Amino acid sequence: MTSPGETIYGEYAVYDVERKVLTVTGGNLRVETDNEIVTARDSLEYWQDQMVVVARGAARIDQSAEGRSVQAETLTGFFREEADGEARLYQVEAAGSVRIQRGDEVARAGKAVYNLDTEIATLTGGVKITQGQNQLNGEYAEFNLRSGVSRILGSGTDDGRVQTLIVPGTSSE
């Protein structure tokens, strides 16, 4: 299926007229836009009235121009209508085995919320951020994909600690 700005690929498509929900299933599920490629194993859903897209099962968004990707079991994207009438993705929520990559930096967590306006991903649950051999571990992090600066925190309890591994002689560049 093709619409202005995107093409959706899959084997089967069902449109629920009452709920205004399109569900695409089958092999080789993907959505291609000018800026992203979204893939999923189980299904792709578009909720028209809510302006929400859901990718289920080994879901992934690649922004090849920026060298970024977001992977999780489920990705939920939220759109808003801009002043020019175009719908634009402004937030992605990721759940289950989350992996966000920016160049050689990788952040892993149980959940994440990525704000495309600020380019900051907020990660929670067993957070690990690696760059080369260096690693930060905690329960909460802000991963800035624009600047490359990350902030990681413990769980907030007495035993909520942040752990770091910094290998001498390695650099971030």
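Reply: The account below treats the cavity and then the core.

This is a predicted model, in which local features need pLDDT of at least 70 and side-chain atom pairs count only at pLDDT 80 or more, while totals for chains, interfaces and linings use all residues. Residues are numbered from 1 along each chain as its sequence is written, and side-chain values use heavy atoms, with hydrogens and water left out.

On a 1 Å grid over the protein atoms alone, a cavity is a set of points where a 1.4 Å probe fits but cannot get out, and lining residues have an atom within 4 Å of a point. The structure holds one cavity of 30 Å³ or more, and the largest cavity has a volume of about 70 Å³; a volume is the space filled by probe spheres set on the points, which are joined across faces, edges and corners. Its lining consists of Glu36, Ile61, Gln63, Arg68, Ser69, Val70, Leu89, Val92, Tyr114, Leu116 and Leu145. Two or more lining residues come from each of strand 8 (52–63), strand 9 (68–81) and strand 10; strands are DSSP runs (E, at least two residues), numbered from the N terminus. Strand 9 gives the most, with three residues.

Leu75 is in contact (heavy atoms within 4.5 Å) with residues including Ile61, Val70 and Val92, leaving aside neighbours within four places in sequence. Leu75 is also among the residues with the most contacts inside the largest nonpolar core, which has 32 residues. Such a core is a set of buried (under 20% relative accessible area, 1.4 Å probe, protein chains only) Ala, Val, Leu, Ile, Met, Phe, Trp, Tyr and Cys residues joined through side-chain atoms within 4.5 Å.

Definitions and conventions:
Buried < 20%, exposed > 50% of the residue type's maximum accessible area, 1.4 Å probe, protein only. 1 Å grid on protein atoms, 1.4 Å probe; cavity = no way out; pocket = protein on both sides within 12 Å on 5 of 7 lines; lining within 4 Å. Helix = DSSP H or I, 4+ residues; strand = E, 2+ residues; numbered from the N terminus.
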